[in-house]
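Open the structure in your viewer and follow along. Each stop says what to select and what is there.

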Amino acid sequence: MVPRCQVEVLYFAKSAEIAGIRSETISVPQEIKALQLWNEIETRHPGLADVRNQVIFAVRQEYVELGDQLLLLQSGDEIAVIPPISGG
Amino acid sequence: MLLFEFGIYSENNRLPLKVKDMNEVEEKSKDIIKFTSEKLSVDEVSQLVISPLCGAISLFVGTTRNNFEGKKVISLEYEAYLPMAENEIRKICSDMRQKWPVRHIAVFHRLGLVPVTEASVIIAVSSAHRAASLEAVSYAIDALKARVPIWKKEMYEESSSSWKRNKECFWATSD
């Protein structure tokens with residue numbers, strides 16, 4: 001049985017409009033690949049498939065691409081869905 | 001969306017100064033980062049980086065244009081992932097200090113609605129001589145556009161609004 005944890009997912013810009021929320025707490029395996037984490041999120045909000053190729057994660061405020069990187073998560077960790085930025 | 005003022009002041013004692021006489025006080029380099037929904041002031045930001053050791057202050061001011069691809073833009077609306085945006089800007093300041101002998105750095109970004117012609121970002125950098133601050137300011141705005149988690153939405157007069165994407169964004173290629 002893979003241990004799980006409760007992480008907070010934050011949505012911004014277009015992803016927040018699609019998901020209809022700014023944040024939520026979800027239960028995920030403590031060890032999970034970035035792409036698998038995205039799939040969990042997309043399952044909850046199928047509309048996010050539209051932005052799958054444009055977004056990146058920020059895990060504990062560090063950028064992580066939606067790929068094979070193995071994430072080691074703890075309860076309370078913050079995961080942000082980051083659409084293409086446009087500051088400045 | 002909750003908008004609030006959030007200022008960070010951090011001291012960065014990177015350049016120790018020899019005390020030449022009893023009146024000269026060691027001046028610590030400052031990185032001043034602020035997010036606010038209020039109108040930005042070029043005067044206020046440039047005042048923050050003044051130093052008696054510096055002969056140059058360079059500024060970048062980003063303002064809202066009234067047009068995009070033939071559409072009339074009424075205003076921009078900005079949002080940010082605040083704690084991470086501050087940290088990314090702090091990292092940019094650190095990079096600047098590794099590359100150039102700059103003294104003080106101030107980065108102010110506005111959040112919420114920014115009407116056309118008003119400033120959305122002001123970056124001010126001071127240095128002893130002008131080459132360093134001119135180059136550092138240019139680097140700073142390019143880096144901000146590439147990696148700081150801030151988003152803007154353009155509100156058009158005739159059509160629906162759209163979330164913009166910087167060409168500098170380091171992970172998303174243009175359509």
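**Stop 1: the two chains.** Colour chain A and chain B separately. This is a predicted model. At the interface, 22 residues of chain A are in contact with 31 residues of chain B. Together the chains bury about 2,200 Å². Carbon and sulfur atoms account for 57% of that area.

**Stop 2: a salt bridge.** Select Glu17(A) and Lys153(B). Their side chains form a salt bridge, with 2.5 Å from N to O. Between chain A and chain B the count is three salt bridges. With both residues at pLDDT 80 or more, 21 residue pairs are in polar contact between the two chains.

**Stop 3: the chain A side.** Select helix H1 (13-19) of chain A, then its strands S4 (56-59), S5 (62-64) and S7 (78-82). Each gives at least two residues to the side that touches chain B. What classes of residue make up that side of chain A? There are 12 nonpolar, five polar and five charged residues.

**Stop 4: the largest pocket.** Its volume is about 530 Å³. Select Arg65(B), Phe68(B), Lys152(B), Glu154(B) and Lys164(B). Of the 22 lining residues, these are the closest to the pocket's centre.

**Stop 5: the pocket lining.** Stay on chain B and select strands S3 (56-63), S4 (67-68), S5 (71-80), S9 (150-156) and S10 (162-163). Each of these strands supplies at least two residues of the lining of the largest pocket. Finish by colouring the lining by class: six residues are nonpolar, eight polar and eight charged.

Notes: Residues are numbered from 1 along each chain as its sequence is written. Chains are lettered from A and ligands numbered from 1 in the order in which they are written. This is a predicted model: local features need pLDDT of at least 70, side-chain atom pairs count only at pLDDT 80 or more; totals for chains, interfaces and linings use all residues. Side-chain values use heavy atoms; hydrogens and water are left out. Contact means heavy atoms within 4.5 Å. Buried area is the accessible area (1.4 Å probe) that two parts lose on being put together, summed over both. A salt bridge is a side-chain nitrogen of Lys or Arg within 4 Å of a carboxyl oxygen of Asp or Glu. A polar contact is a pair of N or O atoms within 3.5 Å; within protein, one must be able to donate a hydrogen and the other to accept it, and residues adjacent in sequence count only if both atoms are side-chain atoms. Helices (H or I, at least four residues) and strands (E, at least two) are DSSP runs, numbered from the N terminus. Ala, Val, Leu, Ile, Met, Phe, Trp, Tyr, Cys and Pro count as nonpolar, Asp, Glu, Lys and Arg as charged, and the others, Gly among them, as polar. On a 1 Å grid over the protein atoms alone, a cavity is a set of points where a 1.4 Å probe fits but cannot get out, and a pocket is an open set with protein on both sides within 12 Å along at least five of seven lines; lining residues have an atom within 4 Å of a point. Grid points are joined across faces, edges and corners, and a volume is the space filled by probe spheres set on the points.
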